[in-house]
Amino acid sequence: MAIDLLIGAVKAIVILLLVLNLSAVLLWFERKGSALIQDRVGANRANIFGVGQRLGMPNLGLMNTLMADPLKLFTKEDFVPDGADRFLHSLGPFLALFPVLIAFAVVPIGDTFELGGHTVQLQAATINAGALYILATIGIGVYGVAIGGWASNNRWALLGGVRATAQMISYEIAMGLAIISIVITYGTLDLQSIVQQQGGVWFGWLPCWGIFLQPVAFIMLLTAGMAESKRVPFDLPEGESELIAGYFTEYSGGKQAAFMLTDFAEVVLAAVLVTLFFFGGWQVPWLYSDGFHFGAHSLLLPRALVVILGVVAFWIKVVAFCWLQILIRWTMPRFRYDQLMTLGWKGLVPLGLLNVLVTAFVVVLASGAAH
Amino acid sequence: MPVGVFIFLGVVAIISSLGVVLQRSPIHCLLALIMTLVSIGALFLALDAVTVGFLQIIVYVGAIMVLFLFVIWLLNLQADEAPTGGLGLKFFATIAVAAMAAELFIFFSKTRGAMEAANVAPGYGSIDSLAQSLFGQYLMAFESTSILLLVAVIGAVAIARRTIPQRERGPTKGTPTR
(Lines give C-alpha, C1' and ligand atoms only; values in the text may rest on other atoms or scores of the structure.)
Protein backbone atom coordinates (compact mmCIF):
# COMPACT_ATOMS: atom_id res chain seq x y z
CA MET A 1 0.00 0.00 0.00
CA ALA A 2 2.67 2.48 1.07
CA ILE A 3 4.92 1.47 -1.81
CA ASP A 4 2.05 1.94 -4.28
CA LEU A 5 1.45 5.42 -2.90
CA LEU A 6 5.16 6.17 -3.23
CA ILE A 7 5.21 4.95 -6.84
CA GLY A 8 2.15 7.09 -7.57
CA ALA A 9 3.72 10.19 -6.04
CA VAL A 10 6.99 9.68 -7.91
CA LYS A 11 5.15 9.22 -11.22
CA ALA A 12 3.05 12.34 -10.66
CA ILE A 13 6.09 14.47 -9.78
CA VAL A 14 8.22 13.12 -12.65
CA ILE A 15 5.51 13.73 -15.27
CA LEU A 16 4.80 17.22 -13.90
CA LEU A 17 8.51 18.11 -13.92
CA LEU A 18 8.94 16.71 -17.44
CA VAL A 19 6.09 18.88 -18.72
CA LEU A 20 7.27 22.01 -16.89
CA ASN A 21 10.82 21.57 -18.10
CA LEU A 22 9.74 20.86 -21.65
CA SER A 23 7.64 24.04 -21.55
CA ALA A 24 10.68 26.03 -20.41
CA VAL A 25 12.95 24.46 -23.02
CA LEU A 26 10.32 25.28 -25.66
CA LEU A 27 10.90 28.96 -24.89
CA TRP A 28 14.53 28.44 -25.86
CA PHE A 29 13.42 26.44 -28.93
CA GLU A 30 11.19 29.32 -29.84
CA ARG A 31 13.90 31.98 -29.56
CA LYS A 32 16.64 30.10 -31.37
CA GLY A 33 14.18 28.47 -33.77
CA SER A 34 12.64 31.78 -34.80
CA ALA A 35 16.15 33.13 -35.30
CA LEU A 36 16.90 30.16 -37.54
CA ILE A 37 13.70 30.70 -39.53
CA GLN A 38 14.29 34.45 -39.91
CA ASP A 39 18.00 34.07 -40.67
CA ARG A 40 19.12 35.78 -37.46
CA VAL A 41 21.56 34.73 -34.75
CA GLY A 42 19.12 34.89 -31.85
CA ALA A 43 19.90 35.02 -28.14
CA ASN A 44 23.69 34.69 -27.76
CA ARG A 45 24.93 37.21 -25.19
CA ALA A 46 24.18 36.25 -21.59
CA ASN A 47 26.77 34.07 -19.87
CA ILE A 48 28.19 33.41 -16.41
CA PHE A 49 31.59 35.20 -16.22
CA GLY A 50 32.20 34.14 -19.81
CA VAL A 51 33.24 30.63 -18.76
CA GLY A 52 31.87 28.84 -21.81
CA GLN A 53 33.29 31.42 -24.20
CA ARG A 54 36.79 31.15 -22.74
CA LEU A 55 36.63 27.41 -23.36
CA GLY A 56 35.66 28.12 -26.97
CA MET A 57 32.06 26.88 -26.74
CA PRO A 58 29.46 28.66 -28.89
CA ASN A 59 26.86 30.60 -26.91
CA LEU A 60 23.54 28.93 -27.65
CA GLY A 61 21.46 31.41 -25.66
CA LEU A 62 20.58 28.89 -22.96
CA MET A 63 21.56 31.38 -20.25
CA ASN A 64 19.23 34.03 -21.71
CA THR A 65 16.14 31.92 -21.79
CA LEU A 66 16.59 29.42 -18.97
CA MET A 67 18.33 31.62 -16.38
CA ALA A 68 18.09 35.32 -17.17
CA ASP A 69 14.44 35.43 -18.29
CA PRO A 70 12.98 33.57 -15.30
CA LEU A 71 15.19 35.54 -12.88
CA LYS A 72 14.00 38.79 -14.43
CA LEU A 73 10.35 37.72 -14.38
CA PHE A 74 10.35 36.51 -10.80
CA THR A 75 12.16 39.53 -9.38
CA LYS A 76 9.92 42.09 -11.10
CA GLU A 77 7.36 44.14 -9.23
CA ASP A 78 4.04 42.33 -8.90
CA PHE A 79 1.76 45.03 -10.25
CA VAL A 80 -1.99 45.13 -9.63
CA PRO A 81 -3.82 47.98 -11.38
CA ASP A 82 -6.04 50.46 -9.54
CA GLY A 83 -9.63 49.36 -9.19
CA ALA A 84 -8.82 45.80 -10.15
CA ASP A 85 -10.28 42.85 -8.29
CA ARG A 86 -7.12 41.91 -6.35
CA PHE A 87 -8.19 38.37 -5.49
CA LEU A 88 -9.33 37.40 -8.99
CA HIS A 89 -6.36 39.20 -10.56
CA SER A 90 -4.07 36.87 -8.61
CA LEU A 91 -6.28 33.83 -9.17
CA GLY A 92 -6.43 34.25 -12.98
CA PRO A 93 -2.96 32.98 -13.99
CA PHE A 94 -3.18 29.94 -11.72
CA LEU A 95 -6.69 29.14 -12.88
CA ALA A 96 -5.22 29.14 -16.41
CA LEU A 97 -2.12 27.09 -15.64
CA PHE A 98 -3.56 24.50 -13.24
CA PRO A 99 -6.05 22.72 -15.58
CA VAL A 100 -3.45 22.37 -18.34
CA LEU A 101 -0.93 20.80 -15.97
CA ILE A 102 -3.39 18.33 -14.44
CA ALA A 103 -4.44 17.23 -17.94
CA PHE A 104 -1.11 15.40 -18.22
CA ALA A 105 -2.07 13.12 -15.32
CA VAL A 106 -3.81 10.60 -17.60
CA VAL A 107 -1.18 10.63 -20.35
CA PRO A 108 0.52 7.22 -20.69
CA ILE A 109 4.20 7.94 -21.30
CA GLY A 110 5.25 4.29 -21.58
CA ASP A 111 4.26 0.64 -21.49
CA THR A 112 3.21 -1.20 -18.34
CA PHE A 113 6.05 -3.12 -16.67
CA GLU A 114 6.75 -5.23 -13.59
CA LEU A 115 9.07 -3.88 -10.90
CA GLY A 116 9.74 -6.02 -7.85
CA GLY A 117 6.30 -7.66 -7.95
CA HIS A 118 4.47 -4.39 -8.62
CA THR A 119 2.79 -3.63 -11.90
CA VAL A 120 3.76 -0.09 -12.76
CA GLN A 121 1.61 1.89 -15.17
CA LEU A 122 3.63 4.72 -16.69
CA GLN A 123 0.64 7.03 -16.22
CA ALA A 124 0.14 9.25 -13.18
CA ALA A 125 -3.58 8.47 -12.88
CA THR A 126 -5.11 5.35 -14.40
CA ILE A 127 -8.56 6.62 -15.36
CA ASN A 128 -10.50 4.47 -17.82
CA ALA A 129 -12.25 7.56 -19.21
CA GLY A 130 -9.02 9.44 -19.95
CA ALA A 131 -10.31 11.13 -23.11
CA LEU A 132 -13.24 12.63 -21.19
CA TYR A 133 -10.89 13.74 -18.42
CA ILE A 134 -8.74 15.66 -20.92
CA LEU A 135 -11.82 17.35 -22.41
CA ALA A 136 -12.98 18.29 -18.89
CA THR A 137 -9.66 19.88 -17.94
CA ILE A 138 -9.53 21.81 -21.22
CA GLY A 139 -13.07 23.02 -20.50
CA ILE A 140 -12.03 24.39 -17.10
CA GLY A 141 -8.97 26.07 -18.66
CA VAL A 142 -11.13 28.74 -20.27
CA TYR A 143 -11.75 30.54 -16.98
CA GLY A 144 -8.15 31.54 -16.26
CA VAL A 145 -7.85 33.91 -19.21
CA ALA A 146 -11.46 35.05 -18.89
CA ILE A 147 -11.15 35.92 -15.20
CA GLY A 148 -7.64 37.35 -15.65
CA GLY A 149 -8.83 39.66 -18.41
CA TRP A 150 -11.91 40.74 -16.49
CA ALA A 151 -10.19 41.32 -13.14
CA SER A 152 -7.57 43.64 -14.68
CA ASN A 153 -9.99 46.57 -14.88
CA ASN A 154 -8.72 47.36 -18.35
CA ARG A 155 -10.79 47.49 -21.52
CA TRP A 156 -8.15 45.89 -23.71
CA ALA A 157 -7.58 43.12 -21.20
CA LEU A 158 -11.34 42.48 -21.04
CA LEU A 159 -11.60 42.40 -24.85
CA GLY A 160 -8.68 39.99 -24.94
CA GLY A 161 -10.40 37.82 -22.34
CA VAL A 162 -13.66 37.81 -24.31
CA ARG A 163 -11.81 36.91 -27.51
CA ALA A 164 -9.84 34.16 -25.79
CA THR A 165 -12.94 32.63 -24.22
CA ALA A 166 -14.94 32.70 -27.46
CA GLN A 167 -12.02 31.23 -29.41
CA MET A 168 -11.32 28.47 -26.91
CA ILE A 169 -14.91 27.26 -26.56
CA SER A 170 -15.35 27.38 -30.35
CA TYR A 171 -12.34 25.17 -30.99
CA GLU A 172 -13.12 22.88 -28.06
CA ILE A 173 -16.08 21.62 -30.11
CA ALA A 174 -13.82 20.75 -33.04
CA MET A 175 -11.37 19.10 -30.65
CA GLY A 176 -14.18 17.12 -29.01
CA LEU A 177 -15.47 15.93 -32.39
CA ALA A 178 -11.97 14.82 -33.43
CA ILE A 179 -11.57 12.90 -30.17
CA ILE A 180 -15.03 11.32 -30.58
CA SER A 181 -14.09 9.88 -33.98
CA ILE A 182 -10.91 8.44 -32.41
CA VAL A 183 -12.94 6.96 -29.56
CA ILE A 184 -15.36 5.37 -32.05
CA THR A 185 -12.45 3.94 -34.04
CA TYR A 186 -10.75 2.31 -31.05
CA GLY A 187 -13.90 1.63 -29.04
CA THR A 188 -12.46 2.91 -25.77
CA LEU A 189 -11.91 6.11 -23.79
CA ASP A 190 -8.81 4.68 -22.10
CA LEU A 191 -5.70 6.39 -23.48
CA GLN A 192 -3.39 3.51 -22.58
CA SER A 193 -5.64 1.09 -24.47
CA ILE A 194 -5.79 3.44 -27.49
CA VAL A 195 -1.98 3.47 -27.59
CA GLN A 196 -1.74 -0.31 -27.14
CA GLN A 197 -4.08 -0.84 -30.09
CA GLN A 198 -1.67 1.15 -32.26
CA GLY A 199 1.07 -1.45 -31.87
CA GLY A 200 1.79 -3.91 -34.66
CA VAL A 201 1.93 -3.44 -38.42
CA TRP A 202 -0.30 -3.56 -41.50
CA PHE A 203 0.88 -5.19 -44.75
CA GLY A 204 4.00 -6.34 -42.92
CA TRP A 205 5.60 -2.90 -42.76
CA LEU A 206 3.18 -0.03 -42.07
CA PRO A 207 2.86 0.79 -38.33
CA CYS A 208 -0.79 0.64 -37.09
CA TRP A 209 -0.85 4.32 -36.23
CA GLY A 210 -4.07 6.29 -35.96
CA ILE A 211 -2.99 8.78 -38.63
CA PHE A 212 -3.64 6.16 -41.31
CA LEU A 213 -7.16 5.53 -39.97
CA GLN A 214 -8.17 9.11 -39.12
CA PRO A 215 -6.20 11.63 -41.21
CA VAL A 216 -9.03 14.19 -41.07
CA ALA A 217 -9.27 13.99 -37.29
CA PHE A 218 -5.49 14.53 -37.12
CA ILE A 219 -5.71 17.83 -39.01
CA MET A 220 -8.67 18.87 -36.86
CA LEU A 221 -7.04 18.01 -33.56
CA LEU A 222 -3.77 19.74 -34.48
CA THR A 223 -5.61 22.88 -35.63
CA ALA A 224 -7.88 22.95 -32.58
CA GLY A 225 -4.95 22.27 -30.25
CA MET A 226 -3.02 25.17 -31.76
CA ALA A 227 -6.06 27.42 -31.43
CA GLU A 228 -6.37 26.42 -27.77
CA SER A 229 -2.78 27.50 -27.16
CA LYS A 230 -3.67 31.02 -28.42
CA ARG A 231 -0.45 31.47 -30.39
CA VAL A 232 0.10 32.76 -33.93
CA PRO A 233 -1.84 32.26 -36.23
CA PHE A 234 -4.54 32.07 -33.55
CA ASP A 235 -3.18 34.78 -31.24
CA LEU A 236 -6.09 37.22 -31.60
CA PRO A 237 -6.67 37.29 -27.82
CA GLU A 238 -3.28 38.94 -27.45
CA GLY A 239 -3.15 40.74 -30.81
CA GLU A 240 -0.68 43.45 -29.84
CA SER A 241 -1.53 45.81 -32.70
CA GLU A 242 -5.11 46.06 -31.42
CA LEU A 243 -5.17 45.05 -27.76
CA ILE A 244 -1.65 45.88 -26.41
CA ALA A 245 -1.21 42.35 -25.06
CA GLY A 246 -4.79 41.20 -24.61
CA TYR A 247 -5.83 39.46 -21.44
CA PHE A 248 -2.40 39.73 -19.78
CA THR A 249 -1.87 43.44 -20.48
CA GLU A 250 -2.00 44.26 -16.76
CA TYR A 251 0.15 41.36 -15.60
CA SER A 252 3.81 41.49 -14.70
CA GLY A 253 6.46 39.29 -13.18
CA GLY A 254 5.57 35.83 -11.99
CA LYS A 255 1.88 36.01 -12.91
CA GLN A 256 2.73 36.96 -16.48
CA ALA A 257 5.22 34.08 -16.52
CA ALA A 258 2.37 31.78 -15.43
CA PHE A 259 0.29 32.88 -18.42
CA MET A 260 3.28 32.38 -20.72
CA LEU A 261 3.92 28.95 -19.23
CA THR A 262 0.25 28.10 -19.83
CA ASP A 263 0.66 28.82 -23.53
CA PHE A 264 3.72 26.60 -23.77
CA ALA A 265 2.10 23.85 -21.67
CA GLU A 266 -0.83 23.96 -24.09
CA VAL A 267 1.59 23.55 -26.99
CA VAL A 268 2.98 20.48 -25.22
CA LEU A 269 -0.57 19.23 -24.53
CA ALA A 270 -1.53 19.55 -28.21
CA ALA A 271 1.65 17.68 -29.19
CA VAL A 272 0.96 14.98 -26.59
CA LEU A 273 -2.64 14.48 -27.77
CA VAL A 274 -1.59 14.26 -31.42
CA THR A 275 1.13 11.77 -30.48
CA LEU A 276 -1.23 9.63 -28.39
CA PHE A 277 -4.10 9.49 -30.84
CA PHE A 278 -2.35 9.46 -34.22
CA PHE A 279 1.31 8.54 -33.87
CA GLY A 280 1.20 5.55 -31.59
CA GLY A 281 2.12 7.23 -28.29
CA TRP A 282 5.04 5.28 -26.88
CA GLN A 283 4.95 2.68 -29.69
CA VAL A 284 8.16 2.42 -31.69
CA PRO A 285 7.62 1.10 -35.23
CA TRP A 286 8.33 -2.65 -35.47
CA LEU A 287 9.26 -2.82 -31.77
CA TYR A 288 7.29 -5.47 -29.86
CA SER A 289 7.46 -6.41 -26.19
CA ASP A 290 10.46 -8.68 -26.83
CA GLY A 291 12.39 -6.68 -29.42
CA PHE A 292 12.38 -5.55 -33.04
CA HIS A 293 10.70 -7.69 -35.69
CA PHE A 294 10.68 -6.68 -39.32
CA GLY A 295 9.63 -9.32 -41.79
CA ALA A 296 11.87 -12.31 -41.15
CA HIS A 297 14.49 -10.28 -39.28
CA SER A 298 14.39 -9.89 -35.52
CA LEU A 299 16.55 -8.25 -32.89
CA LEU A 300 15.68 -9.41 -29.39
CA LEU A 301 16.03 -6.85 -26.59
CA PRO A 302 15.59 -7.05 -22.79
CA ARG A 303 12.20 -5.89 -21.50
CA ALA A 304 13.62 -2.92 -19.56
CA LEU A 305 15.29 -1.55 -22.68
CA VAL A 306 12.04 -1.90 -24.65
CA VAL A 307 10.14 0.12 -22.03
CA ILE A 308 12.85 2.81 -21.96
CA LEU A 309 12.90 2.97 -25.77
CA GLY A 310 9.12 3.51 -25.67
CA VAL A 311 9.38 6.39 -23.20
CA VAL A 312 12.17 8.00 -25.24
CA ALA A 313 10.18 7.55 -28.47
CA PHE A 314 7.13 9.18 -26.87
CA TRP A 315 9.06 12.31 -25.88
CA ILE A 316 10.86 12.49 -29.24
CA LYS A 317 7.46 12.50 -30.99
CA VAL A 318 6.14 15.13 -28.56
CA VAL A 319 9.15 17.39 -29.13
CA ALA A 320 8.80 16.93 -32.90
CA PHE A 321 5.18 18.11 -32.78
CA CYS A 322 6.09 21.01 -30.50
CA TRP A 323 8.69 21.99 -33.09
CA LEU A 324 6.08 21.70 -35.86
CA GLN A 325 3.83 24.11 -33.95
CA ILE A 326 6.69 26.57 -33.45
CA LEU A 327 7.47 26.29 -37.16
CA ILE A 328 3.86 27.12 -38.04
CA ARG A 329 3.83 29.95 -35.51
CA TRP A 330 6.80 31.62 -37.18
CA THR A 331 5.59 30.99 -40.72
CA MET A 332 1.96 32.11 -40.71
CA PRO A 333 0.50 35.59 -40.30
CA ARG A 334 -2.34 36.17 -37.84
CA PHE A 335 -5.91 35.35 -38.88
CA ARG A 336 -8.63 37.98 -38.89
CA TYR A 337 -11.29 37.34 -36.25
CA ASP A 338 -14.01 36.49 -38.79
CA GLN A 339 -11.61 34.08 -40.53
CA LEU A 340 -10.96 32.41 -37.18
CA MET A 341 -14.67 31.96 -36.46
CA THR A 342 -15.40 30.87 -40.04
CA LEU A 343 -12.66 28.25 -39.86
CA GLY A 344 -13.95 26.99 -36.54
CA TRP A 345 -17.71 26.97 -37.03
CA LYS A 346 -18.13 26.60 -40.80
CA GLY A 347 -14.99 24.56 -41.48
CA LEU A 348 -13.93 22.32 -38.63
CA VAL A 349 -17.29 21.67 -36.93
CA PRO A 350 -19.18 20.41 -40.03
CA LEU A 351 -16.08 18.50 -41.12
CA GLY A 352 -15.85 16.92 -37.69
CA LEU A 353 -19.55 15.95 -37.69
CA LEU A 354 -19.12 14.39 -41.14
CA ASN A 355 -16.01 12.56 -39.95
CA VAL A 356 -17.85 11.17 -36.92
CA LEU A 357 -20.71 10.02 -39.15
CA VAL A 358 -18.43 8.32 -41.70
CA THR A 359 -16.36 6.72 -38.92
CA ALA A 360 -19.47 5.37 -37.22
CA PHE A 361 -20.78 3.91 -40.51
CA VAL A 362 -17.43 2.26 -41.32
CA VAL A 363 -17.08 0.84 -37.79
CA VAL A 364 -20.62 -0.60 -37.85
CA LEU A 365 -20.14 -2.04 -41.36
CA ALA A 366 -16.77 -3.53 -40.42
CA SER A 367 -18.14 -5.14 -37.25
CA GLY A 368 -21.10 -6.46 -39.30
CA ALA A 369 -18.68 -7.95 -41.84
CA ALA A 370 -16.67 -9.58 -39.05
CA HIS A 371 -19.68 -11.50 -37.70
CA MET B 1 -16.25 6.13 -1.36
CA PRO B 2 -14.32 6.98 1.80
CA VAL B 3 -16.40 9.03 4.25
CA GLY B 4 -13.66 11.66 4.50
CA VAL B 5 -13.80 12.37 0.75
CA PHE B 6 -17.59 12.62 0.87
CA ILE B 7 -17.53 15.04 3.80
CA PHE B 8 -14.81 17.17 2.18
CA LEU B 9 -16.60 17.43 -1.18
CA GLY B 10 -19.94 18.00 0.52
CA VAL B 11 -18.57 20.83 2.66
CA VAL B 12 -16.93 22.43 -0.40
CA ALA B 13 -20.18 22.17 -2.34
CA ILE B 14 -22.23 23.69 0.49
CA ILE B 15 -19.79 26.54 1.18
CA SER B 16 -19.48 27.42 -2.49
CA SER B 17 -23.25 27.30 -3.05
CA LEU B 18 -23.64 29.65 -0.06
CA GLY B 19 -21.12 31.83 -1.88
CA VAL B 20 -23.41 31.90 -4.94
CA VAL B 21 -26.26 33.29 -2.85
CA LEU B 22 -24.41 35.57 -0.45
CA GLN B 23 -21.87 37.39 -2.63
CA ARG B 24 -22.72 40.66 -4.35
CA SER B 25 -20.48 40.67 -7.42
CA PRO B 26 -22.00 38.57 -10.26
CA ILE B 27 -18.57 37.29 -11.33
CA HIS B 28 -17.79 36.09 -7.80
CA CYS B 29 -21.18 34.36 -7.69
CA LEU B 30 -20.40 32.70 -11.02
CA LEU B 31 -17.03 31.44 -9.79
CA ALA B 32 -18.69 30.05 -6.66
CA LEU B 33 -21.25 28.29 -8.87
CA ILE B 34 -18.41 26.79 -10.93
CA MET B 35 -16.82 25.58 -7.70
CA THR B 36 -20.13 23.98 -6.67
CA LEU B 37 -20.51 22.23 -10.02
CA VAL B 38 -16.92 20.96 -9.97
CA SER B 39 -17.34 19.53 -6.46
CA ILE B 40 -20.62 17.86 -7.43
CA GLY B 41 -18.86 16.43 -10.50
CA ALA B 42 -16.13 15.12 -8.20
CA LEU B 43 -18.84 13.56 -5.98
CA PHE B 44 -20.18 11.69 -9.01
CA LEU B 45 -16.66 10.51 -9.82
CA ALA B 46 -16.16 9.28 -6.26
CA LEU B 47 -19.45 7.35 -6.55
CA ASP B 48 -18.07 5.49 -9.63
CA ALA B 49 -20.37 7.38 -11.99
CA VAL B 50 -17.30 8.33 -14.05
CA THR B 51 -19.09 9.32 -17.24
CA VAL B 52 -21.72 11.44 -15.52
CA GLY B 53 -19.05 13.10 -13.39
CA PHE B 54 -16.91 14.15 -16.36
CA LEU B 55 -19.92 15.12 -18.46
CA GLN B 56 -21.11 17.29 -15.55
CA ILE B 57 -17.82 19.18 -15.68
CA ILE B 58 -17.58 19.30 -19.50
CA VAL B 59 -21.16 20.45 -20.08
CA TYR B 60 -21.85 22.68 -17.08
CA VAL B 61 -18.41 24.10 -16.31
CA GLY B 62 -16.98 23.99 -19.83
CA ALA B 63 -20.00 25.27 -21.73
CA ILE B 64 -23.00 26.55 -19.79
CA MET B 65 -21.05 28.60 -17.25
CA VAL B 66 -19.12 30.22 -20.10
CA LEU B 67 -22.47 31.38 -21.49
CA PHE B 68 -23.33 32.80 -18.05
CA LEU B 69 -20.00 34.61 -18.09
CA PHE B 70 -20.77 36.11 -21.50
CA VAL B 71 -24.22 37.22 -20.32
CA ILE B 72 -22.67 38.94 -17.30
CA TRP B 73 -20.09 40.62 -19.52
CA LEU B 74 -22.42 41.68 -22.31
CA LEU B 75 -25.13 43.02 -19.98
CA ASN B 76 -22.35 44.66 -17.95
CA LEU B 77 -23.87 43.55 -14.65
CA GLN B 78 -22.38 45.31 -11.65
CA ALA B 79 -22.39 44.39 -7.99
CA ASP B 80 -25.62 45.28 -6.20
CA GLU B 81 -24.91 47.68 -3.38
CA ALA B 82 -28.42 47.93 -1.94
CA PRO B 83 -30.26 44.80 -0.80
CA THR B 84 -32.98 43.96 -3.29
CA GLY B 85 -36.61 43.10 -2.58
CA GLY B 86 -39.24 44.66 -0.35
CA LEU B 87 -40.90 43.47 2.81
CA GLY B 88 -43.34 41.24 0.91
CA LEU B 89 -40.54 39.33 -0.81
CA LYS B 90 -38.73 38.84 2.49
CA PHE B 91 -41.94 37.60 4.12
CA PHE B 92 -42.65 34.98 1.47
CA ALA B 93 -38.99 34.01 1.20
CA THR B 94 -38.92 33.31 4.94
CA ILE B 95 -42.02 31.12 4.67
CA ALA B 96 -40.52 29.22 1.70
CA VAL B 97 -37.22 28.63 3.49
CA ALA B 98 -39.01 27.48 6.67
CA ALA B 99 -41.13 25.05 4.64
CA MET B 100 -38.02 23.68 2.92
CA ALA B 101 -36.23 23.23 6.25
CA ALA B 102 -39.24 21.44 7.75
CA GLU B 103 -39.44 19.16 4.72
CA LEU B 104 -35.75 18.26 4.95
CA PHE B 105 -36.08 17.65 8.70
CA ILE B 106 -39.01 15.24 8.21
CA PHE B 107 -37.20 13.50 5.34
CA PHE B 108 -34.03 12.91 7.35
CA SER B 109 -35.82 11.87 10.53
CA LYS B 110 -37.73 9.17 8.62
CA THR B 111 -34.91 7.78 6.44
CA ARG B 112 -32.16 7.67 9.04
CA GLY B 113 -32.09 3.88 9.19
CA ALA B 114 -32.18 3.29 5.45
CA MET B 115 -29.09 5.30 4.44
CA GLU B 116 -26.90 2.46 3.23
CA ALA B 117 -24.95 2.19 0.04
CA ALA B 118 -26.94 0.37 -2.62
CA ASN B 119 -25.33 -2.59 -4.34
CA VAL B 120 -24.73 -2.01 -8.01
CA ALA B 121 -23.60 -4.29 -10.77
CA PRO B 122 -19.93 -4.05 -11.86
CA GLY B 123 -19.48 -1.59 -14.70
CA TYR B 124 -22.31 0.58 -13.38
CA GLY B 125 -21.92 4.18 -14.47
CA SER B 126 -19.36 3.37 -17.15
CA ILE B 127 -19.84 4.79 -20.62
CA ASP B 128 -20.87 1.32 -21.88
CA SER B 129 -23.78 0.97 -19.47
CA LEU B 130 -24.80 4.59 -20.10
CA ALA B 131 -24.84 4.01 -23.86
CA GLN B 132 -26.78 0.75 -23.41
CA SER B 133 -29.56 2.54 -21.56
CA LEU B 134 -29.54 5.67 -23.75
CA PHE B 135 -29.53 3.91 -27.11
CA GLY B 136 -31.34 0.74 -26.05
CA GLN B 137 -33.88 0.99 -23.28
CA TYR B 138 -34.63 4.72 -23.56
CA LEU B 139 -33.99 5.22 -27.28
CA MET B 140 -37.36 6.85 -28.02
CA ALA B 141 -37.15 9.26 -25.08
CA PHE B 142 -33.56 10.14 -25.96
CA GLU B 143 -34.31 10.80 -29.63
CA SER B 144 -37.44 12.85 -28.85
CA THR B 145 -35.43 14.96 -26.38
CA SER B 146 -32.77 15.61 -29.01
CA ILE B 147 -35.41 16.64 -31.57
CA LEU B 148 -37.02 18.90 -28.95
CA LEU B 149 -33.64 20.55 -28.28
CA LEU B 150 -33.00 20.95 -32.00
CA VAL B 151 -36.38 22.64 -32.43
CA ALA B 152 -35.60 24.93 -29.49
CA VAL B 153 -32.22 25.90 -30.99
CA ILE B 154 -33.70 26.64 -34.41
CA GLY B 155 -36.53 28.58 -32.78
CA ALA B 156 -34.10 30.63 -30.72
CA VAL B 157 -32.06 31.48 -33.82
CA ALA B 158 -35.20 32.40 -35.77
CA ILE B 159 -36.48 34.68 -32.99
CA ALA B 160 -33.12 36.31 -32.25
CA ARG B 161 -32.31 36.90 -35.91
CA ARG B 162 -32.54 40.58 -36.70
CA THR B 163 -34.82 41.26 -39.66
CA ILE B 164 -33.61 44.28 -41.58
CA PRO B 165 -36.40 46.20 -43.39
CA GLN B 166 -36.02 46.26 -47.17
CA ARG B 167 -35.52 50.01 -47.57
CA GLU B 168 -32.71 50.20 -44.97
CA ARG B 169 -30.64 47.56 -46.68
CA GLY B 170 -27.45 48.83 -48.23
CA PRO B 171 -26.36 47.85 -51.72
CA THR B 172 -25.68 44.13 -51.78
CA LYS B 173 -22.41 42.73 -52.96
CA GLY B 174 -21.94 42.85 -56.70
CA THR B 175 -24.82 45.19 -57.53
CA PRO B 176 -23.65 48.44 -59.09
CA THR B 177 -24.49 51.57 -57.11
CA ARG B 178 -25.71 54.68 -58.84
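Analyst: Two packed helices are described by the angle between their axes and the distance between the axes. In this predicted model, helix α9 (residues 215–228) of chain A and helix α13 (residues 337–370) of chain A have axes that come within 10 Å and cross at roughly 145°.

User: What is the hand of the crossing in which α9(A) passes α13(A)?

Analyst: The crossing of α9(A) past α13(A) is left-handed.

User: Which residues of α9(A) and α13(A) meet?

Analyst: From α9(A), the residues are Val216(A), Ala217(A), Met220(A), Thr223(A) and Ala224(A). They meet Leu348(A), Leu351(A), Gly352(A) and Asn355(A) of α13(A). Sorted by class, this contact has six nonpolar and three polar residues, with no charged residues.

User: Let us turn to strands. In what order do the three strands of the open sheet in chain A lie, and how do they pair?

Analyst: Strands of a sheet pair through backbone hydrogen bonds, either parallel or antiparallel. In chain A the order is β5-β6-β7, and the pairing is antiparallel. The edge strands, β5 (287–288) and β7 (297–300) of chain A, each pair on one side only.

User: How should I read the side of chain B that touches chain A?

Analyst: One may begin with the residues on each side, then ask which elements supply them and of what class they are. Here, 14 residues of chain B are in contact with 16 residues of chain A. On the side of chain B, α2 (26–46) and α3 (50–74) each supply at least two residues. The largest share, 11 residues, comes from α3(B). By class, the side of chain B that touches chain A has 12 nonpolar residues, two polar residues and no charged ones.

User: Into which domains is chain B divided, and how far apart do their C-alpha centres lie?

Analyst: Chain B is divided into domain 1 (1–78) and domain 2 (126–161). The C-alpha centres of domain 1 and domain 2 of chain B lie 24 Å apart.

User: Where in each chain is the confidence of the prediction lowest, and where is it highest?

Analyst: The averages for each chain come before the single elements. Chain A averages a pLDDT of 85, and 99% of the residues score at least 70. In chain A, confidence is lowest in helix α2 (residues 51–54), with a mean of 73, and highest in α9(A), at 90. For chain B the mean pLDDT is 81, and 80% of its residues reach 70 or more.

User: What ipTM and pTM does the predictor give the complex?

Analyst: The predictor gives an ipTM of 0.81 and a pTM of 0.85 for the complex.

Terms used: Residues numbered from 1 in each chain as written. Chains lettered and ligands numbered in written order. Predicted model: local features only at pLDDT ≥ 70, side-chain atom pairs only at ≥ 80, totals over all residues. Contact = placed C-beta atoms within 7 Å. Helix = DSSP H or I, 4+ residues; strand = E, 2+ residues; numbered from the N terminus. Nonpolar A, V, L, I, M, F, W, Y, C, P; charged D, E, K, R; others polar. Pairing = 2+ DSSP bridges. pLDDT = per-residue confidence, 0-100. Domains from an automatic or database assignment. Axes fitted to C-alpha atoms, helices over the stretch in contact; angles between N-to-C directions. Left-handed = near helix turned anticlockwise from the far one by under 90°.
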